[in-house]
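Notebook open. I want to go through the ligand sites and then the chain contacts, jotting things down as I look them up.

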Amino acid sequence: MVNNPKGEAVDALRTVTRDIDTNSTKISARGVQVHYGDTHAIKDVDVDIKERSVTAFIGPSGCGKSTFLRCINRMNDTIDICRVTGDIRIDGDDIYDRSIDPVQLRARVGMVFQKPNPFPKSIYDNVAYGPKIHGLARSRAEMDEIVERSLRRGAIWDEVKDRLHAPGTGLSGGQQQRLCIARAVATDPEVLLMDEPCSALDPIATAQIEELIDTLREKYTVVIVTHSMQQAARVSQKTAFFHLGNLVEYGDTDDIFTNPKDRRTESYISGRIG
Amino acid sequence: MVNNPKGEAVDALRTVTRDIDTNSTKISARGVQVHYGDTHAIKDVDVDIKERSVTAFIGPSGCGKSTFLRCINRMNDTIDICRVTGDIRIDGDDIYDRSIDPVQLRARVGMVFQKPNPFPKSIYDNVAYGPKIHGLARSRAEMDEIVERSLRRGAIWDEVKDRLHAPGTGLSGGQQQRLCIARAVATDPEVLLMDEPCSALDPIATAQIEELIDTLREKYTVVIVTHSMQQAARVSQKTAFFHLGNLVEYGDTDDIFTNPKDRRTESYISGRIG
Amino acid sequence: MTDIPSGSGAVARTTMDKVHGSLARRHRKQLILQIFGITAISLAFLMLFILLASLITTGHKAFTQTEITLEVFIDPEEISVERLPRGNFTNVLAAAVAADLPSVDQQDRAEMRVVGGILSNGAQFQLRDRVVEEPELIGQTITISVPVSDPYDQLHKDLLDRETPENLRRLDDTQIAYYDRLVENGAIAASLNTGLLTNADSRFPELAGLKGAIMGSFWALLTCFLISFPLGIGAAIYLEEFAPKNKLSDFIEVNINNLAAVPSVVFGLLALSVFIGLFGLPRSAPFVGGLTLALMTMPTIIIATRAALKAVPPSIREAALGLGASKQQVVFGHVVPLAMPGILTGTIIGLAQALGETAPLLLIGMNAFITSAPATPFDSATALPTQIFIWADSPERGFVSRTSAAILVLLTFLIMMNAIAIYLRSKFERKW
Amino acid sequence: QSRDAIRIVGSSTVFPYTQAVAEQFANITGAPSPIVESTGTGGGMQIFCGGVGEQHPDITGASRAMKASEYELCQENGVTDITEALIGFDGLSLAISRANDVEWSLSLAEIYLALGAQVPVNGEWVDNPYTRWSEINPDLPDTDILAYGPPPTSGTRDAFVELAMHAGCEALDYVANGDFDGDWVEDNCSRMRTDGPFVEAGENDNLIVQRIVADPNAMGIFGYSFLYENMDTLKGVQIDGVDPSIDTIADNSYPISRPLYFYVKNAHRGVIPNLDAFIEEYMSDGALASGGYLSERGLVPLAEERMQMLQDNVLNGQSMDAPAG
Amino acid sequence: MTTLAFAILLVASLAAYALNRRAATTIRDGGARLHSVSNYHGLFALLLMLVPVLVVILIWLVLQGPVVNAMVMWALPAGTLDGLDTGQADLILAEIQSISGGRIFGDPEPWKLAAAAHLTELRELAALGLVLLTALLCLAIMYVARRKVAAGFRARQGVERIISGLMIFCSVAAIFTTVGIVASLAFETYKFLRLVPLTEFLFGLNWEPQIPIRADQIAAAGAFGWLPVIAGTIVITFVAIFIAVPIGLLSAIYLFEFAPKRIRSVAKPLLEILAGVPTVVYGFFAILVVAPAIRSLGASMGIPVAPNTALAAGGVMGIMLVPFISSFADDALSAVPRSMRDGALALGATRAETVLNVLFPAAIPGIVGGVLLAVSRAIGETMIVVMAAGLMANLTLNPLESVTTVTVQIVTLLIGDTSFDNPKTLAAFALGMMLFIVTLIINIFALRIVRKYREAYD
Ligand SMILES: Nc1ncnc2c1ncn2[C@@H]1O[C@H](COP(=O)(O)OP(=O)(O)OP(=O)(O)O)[C@@H](O)[C@H]1O
Ligand SMILES: Nc1ncnc2c1ncn2[C@@H]1O[C@H](COP(=O)(O)OP(=O)(O)OP(=O)(O)O)[C@@H](O)[C@H]1O
Ligand SMILES: [Mg+2]
Ligand SMILES: [Mg+2]
Ligand SMILES: O=P([O-])([O-])[O-]
């Protein structure tokens, strides 16, 4: 039983029952290293992420959570000074292989960013963009349906259904974040990476997104970065704890929170290192 | 006793003893109305904010928290379409008076923005900028001292002390947020406005910032916008609940959370409106 | 991809199948875009290359100058101290050439004139200046290198075809024989043509240089820069950051954009009537040229500066304002430095345009023939583009290659300006 | 700041000669180099007649005599005392590339028929229908008519119209036999055609040279000095059987040659430094006489005694009379 | 002496800066809280001195010559100027100035020598006066500025007011250029329209402005319908834009998104060289290389091509305009926040799709700015068309024919014979005015479009 400094019982927060699908490994990373110029941001990380489960990345700010997440769909390719080495496989295929097409990879591995980044287009077009480029809708009606379904899943349909053609950038912070989630699920990716998806959301919206994650788990593999240990405890089956670029501990969420093996994990959960 | 949807006891989270300084009113607003073009964002808000206390603004996203906060240091002046009417006084002076210099006002009333916005300069220069333009340091050594102290208060000193001259924009999301807090406190403002200062921070960093807010309260007046009701409960003495541009309820934090008078407040705290 | 038995996997698979099905087509589209891009840029470079290649093939010959080295006896009978600087330097030089040509009868005046014609008209003045400097040389024999005249220079550079019938050539067979003889003696050789940069303009291609034009362009561009840069940036910053946004400022914006479309001659016209007519400033002066060019450059700088200022994210301004910085501190401390790369691009494009501008300078008389370089911006001078214009219109063959060479010199200055811009730009460039 | 350099404007045809004198003068005397602008004859007159004073030029060159209207303009602006100097002659050459292997010889009438705006066809005065040389005269080659020539602002154009077009027009049977007066000729024979075969190519003669070198079927109209410099690539078109050359121009057997002048503002003499010395150099035998450095540049010099008279008149600053017309 | 005055000003203002800054620092060190940081106290003194004294010196320098001259002429012995008009009086003054400058030739009358001596004396006096005035003013201002230093003195506001004033001055200068151009064009256009009816000018289909200017000039009858001229401008501009926009945009997209960094860093400045090549050179290039090539190509295909074609002039102009568009497009694309790119890429968009669907629309305002500048340049470009387009006005839209443009006509009408009471010369101004109006309309239109499509992000 671990307590954070303000004394609330972490244990008490976990109410979701966990039924971990341990059927197979979706993503496996071996010896991953990331450098930004001279900064060594990720140090020799090995991890296996199970299919159809929710994995949470936690750790103090600046420890490399976002960086590692961006390795999984090769978004780091777009940063000039970023160098990734090691081996990351999805379904056994090395995604850094020359034969792998990052475009196809990213269609399979969706992502929600830490800062909401809606396109300066209408709400409808924001969501329809992914399905359109991949040719997922055969007709306008089909597209309408995809957009509505995605916005509903993003828990934002009711708020925007009357102004689907207003610009997405005119929404409030929290709405933008939910729009980006809707956009990401619209292409039905096998893997969904979410970088702090609830940071600008109020408790009600947060609950709705957590519900979404829980449904997604039935079909997809979800990786989520979060600062809220309560949230990690609520939604994830596996938790990875990063610290200073190292993957310190990885295991069942229950175990990590109740019975951390590493001293640093324990300190972090109990609020002693930052 | 109010529960959030996941059932954790809000009450249990409040551990800080509250000793509200009710000595005098620092900021008083009367009949404040804000329009963005045709949007009526703030509707007739009256509020008195006490000196040397922490006031939390809560409410669902888009309700006008940031807008009202930005009225207090006249940041809304910079938005062309924004029109502010009504009366806001700090220490009894009408801050929208013609004789008031907004520049001087903003030096007195510091602000941390919702999205971290470090200057594309070095970390050192980010923090030193405010003290420099206000002539707060007489020598290089003095400036070094101010920078170090501010970064320590922003709970980021240890992470950046070795790379003070690296660009502030190369930091991780949470680091940027803390840098902005450090930058704001470096000028020693009388009033500090913080718009979701901990949204991207892990629990430890959050705790450190909350501690900082608690110390600041000894000398300064702090207004904080937050989505986390736990945080509001932990750090603030007064809480204001906004809804659709109205100030629905304002009072001692204890009272608001345990004994809300308005139905909407109660619904929000118990997680029924978002 | 591994087999996923469950029904939920089926959805994912069809999605991926659809993605996969369209992928080849999408990549082909990307490839086509890339090919278009490469084609476009290659086309642009091809044009640049053709332009430069044609300039270099004709222009490179002007970078050497054929010279003749002579042993000159400074005959006191022709040149005396009392009459200096006058004296019969031509005869003395012709005699020196004839000394190398045994077949020439030194008493035959017509023949001696032909022999003297091998030398450039400037040779006599070079010798004169030397003698005036050291009068004690009179009566002595000195060695001197002087340029040959244009037809011989052409002959030496293989620009004059020996196969053309004699009556159509600038040099007849005797003259070519003289030349061959002098080459055999080792008297004639080509050397680097420093005169191209150190001489002022001349009627004789072999003497003509760009010093006057370069100095003229320098003064004009300096004036243009000193006026248009601060005025343009000041105006842009004011209009973009400080001026109230209303119909008036819209109107001003449209007007400034419109100024960029005003033909450059019209600026010349304005300069002619205002600067020269009204203010009584001198004709042909680089200062007036610079003023005129400044009027033309200003809109370009204003437009570029405003675009660059607009691109600075508002969050930076908010951050500084929130710290109690004044509007000016925000603008000059944060926004302008961030906009600097864009401002510099615009300024360089504007100044480059000014450097190559011809039409307005024609109207204010900067296309004059002046054989001395200006010492101040108020002296009469030409500019590089007008010099090119004049040389291009000169009948002498020697000016053909010199025109190209002058263009190359102009382009060199341009490239230097660009290089400075790139350096400054990379220095100021920041990412946010 | 007073002006210490001589300022000269005017004809682009006279420009090279003035240039040569200016350079020689500056070299010999060490005086500040005169500033010579090529503005075209008409433009030069305009500036020259602008007034007396140091902001106005001292000399203008002209490839035709000053016209009465220009003289009046000068008078109006206080430029009353002008000396006219005839420095020599220039042939107006029609030239074609040597790559064209026809031996071209045209009569003035043929030139008119090729380039005039209106011509007689079957006794009717109509818009010029000819597009090929062979249509004018079956002996001429069957190629398109295409001639590059100077624009109306230049003295060269004025001279060409007056010397070639008018003469050619008057030589036509229709005009010669018709009962037309000088005004009719003035009105009807002065216009160059504007439907394509005649291309106004701007003031830059070298550009015309380069263009006709590039296009072997095109003719160019420009001063003789440009033909003289480009003899290896260009050949002159014989006019009425006469080849353009220094000799034929000097003895007036080549029909389209014109006099070149410069005009001096006498009020500036003795005021603008070195002006007298410069005119002296211009008038010297070394420059003007045959074998002088101007004739080496293609100027066709005056006859001996005419030149002497000229030198006397100019050096004495004899004032010119109002031109007739 | 003038240099000395400037030197005094420079030194004095630096001294004033140091003095005030020191004083302010002393006050601060004494424990008082300054309203403005001491640097602003220094800057205030510096600007307070620099700006007005500089203006005074410049005014003095401008006025000195005329005033001294007037004094010399006024002091000449009575009667010397009787009966002389201004031009001749000018010449006498010029001679006196020459003598005073040491260039004596001939033997001038003694009164001229005396006047020259007087002139020299006056000039020396004036120079001395300038130096003294500068020094006095500097001292006075230094004193005033020093007196102002106090804890409560709003030095920053003072400095900012001065800088604002300077910036407003800059804007006014820019606006005055427009006013000057419009005024000069409008006046002559008005005179033109009194000679040629507006309807003929606007709707006439013939442009033959070469009417006689001199009483005895040989020239055509005139016709002043501007339609063929503007049609030519439109054809050439269209050709130029048709070439420049695709090449410019595609190269910008390629350089921005696909090119390796090294190529990009070399190619961008190289492209900018194209913008700087003197237009005269492009003119030569057009008539000597491009036009004959088009003509022989046309001949080989049996298409008649004029020697001067709109295609040659417009095509070469298009090449010149490529960097305008590519530079602006590149800057605009770079200004789109990187998060936008990340968003599209993460959805599985190819890089081409990212650029075309997301970045490009977001960059539209900047790109339109560049295209607009290019259109403006094309319409206003002079030297290329003067050399490579024709002079004859044909009402045609065929790019293989010879057309003329507004700028060509303006140049030809203004170079050479001019007469400001003749429609031939005045027509140039009317054309200039029409061009101004046409581009104004284009610009207003473009501003609307940019406003409409401007995307807000960040
Ligand atoms: N673009 C970049 N350039 C240089 N260094 C970077 C860059 N992005 C991140 N870093 C560094 O890499 C390290 C890991 O950053 P990362 O963004 O992965 O942290 P994080 O775990 O996501 O933190 P946070 O919770 O604050 O978002 C940090 O030290 C950060 O300073
Ligand atoms: N610049 C703007 N232009 C137009 N409308 C705006 C602008 N900024 C805010 N608004 C509108 O004003 C209302 C209040 O916005 P505000 O930013 O104050 O909300 P908030 O309470 O801070 O929400 P959040 O928790 O999402 O930050 C919203 O409806 C928003 O759409
Ligand atoms: Mg992160
Ligand atoms: Mg907000
Ligand atoms: O310049 P022109 O001699 O043709 O007038």
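Predicted model: local features only at pLDDT ≥ 70, side-chain atom pairs only at ≥ 80, totals over all residues.

**Ligand 5**

I started with ligand 5, and found D:Ser11, D:Ser12, D:Thr13, D:Gly40, D:Thr41, D:Ser63, D:Ser154, D:Gly155 and D:Thr156 around it. My rule for a residue being near a molecule is that one of its heavy atoms lies within 4 Å of it. Residues are numbered from 1 along each chain as its sequence is written, chains are lettered from A and ligands numbered from 1 in the order in which they are written, and side-chain values use heavy atoms, with hydrogens and water left out.

What classes of residue make up the shell around ligand 5? I get nine polar, no nonpolar and no charged residues. The classes I use are nonpolar for Ala, Val, Leu, Ile, Met, Phe, Trp, Tyr, Cys and Pro, charged for Asp, Glu, Lys and Arg, and polar for the others, Gly among them.

Next I looked up polar contacts (a pair of N or O atoms within 3.5 Å; within protein, one must be able to donate a hydrogen and the other to accept it, and residues adjacent in sequence count only if both atoms are side-chain atoms). A side-chain N or O atom of D:Ser12 sits 2.4 Å from an oxygen atom of ligand 5. For D:Thr13, the distance from a side-chain N or O atom to a ligand 5 oxygen is 2.7 Å. D:Thr156 also puts a side-chain N or O atom 2.7 Å from an oxygen of ligand 5. On its own ligand 5 has 200 Å² of accessible area, and the protein covers 99% of that. Accessible areas come from Shrake-Rupley with a 1.4 Å probe; for residues, only the protein chains shown count as cover.

**Ligand 1**

Ligand 1 lies between chains A and B. I count 20 residues around it, the closest being A:Gly62, A:Ser66, A:Thr67, B:Ser172 and B:Gly174. On the chain A side, a side-chain N or O atom of A:Ser66 is 2.5 Å from a ligand 1 oxygen, and a polar backbone atom of A:Cys63 is 3.3 Å from an oxygen of the ligand. From chain B, a polar backbone atom of B:Gly170 lies 3.4 Å from a nitrogen atom of ligand 1. Taken alone ligand 1 exposes 630 Å², and the protein buries 86% of that.

Which elements give two or more residues to this shell? They are α2 (65-72) of chain A and α7 (173-185) of chain B. Helices here are DSSP runs (H or I, at least four residues), as strands are (E, at least two), numbered from the N terminus. By class, I have twelve polar, five nonpolar and three charged residues around ligand 1.

**Ligand 2**

Ligand 2 also lies between chains A and B. Its shell has 16 residues, with B:Gly62, B:Lys65, B:Ser66, B:Thr67 and B:Gln114 coming nearest. A side-chain N or O atom of B:Thr67 is 2.4 Å from an oxygen of ligand 2, and a polar side-chain atom of B:Ser66 is 2.5 Å from a ligand oxygen. B:Lys65 uses a polar backbone atom, 2.8 Å from an oxygen of ligand 2. The protein buries 72% of the 630 Å² that ligand 2 exposes taken alone.

α7 (173-185) of chain A and α2 (65-72) of chain B each supply at least two residues here, and α2(B) gives the largest share, three residues.

**Chain contacts**

With contact meaning heavy atoms within 4.5 Å, I checked A against C: 19 residues of chain A touch 16 of chain C. About 1600 Å² is buried between them, 56% of it from carbon and sulfur atoms; buried area is the accessible area (1.4 Å probe) that two parts lose on being put together, summed over both.

How many salt bridges (a side-chain nitrogen of Lys or Arg within 4 Å of a carboxyl oxygen of Asp or Glu) are there between chain A and chain C? I found zero, along with three residue pairs in polar contact, both at pLDDT 80 or more. On the chain A side, α3 (102-108) and α4 (123-134) each supply at least two residues, and α3(A) has the largest share with four. That side divides into eleven charged, four polar and four nonpolar residues.
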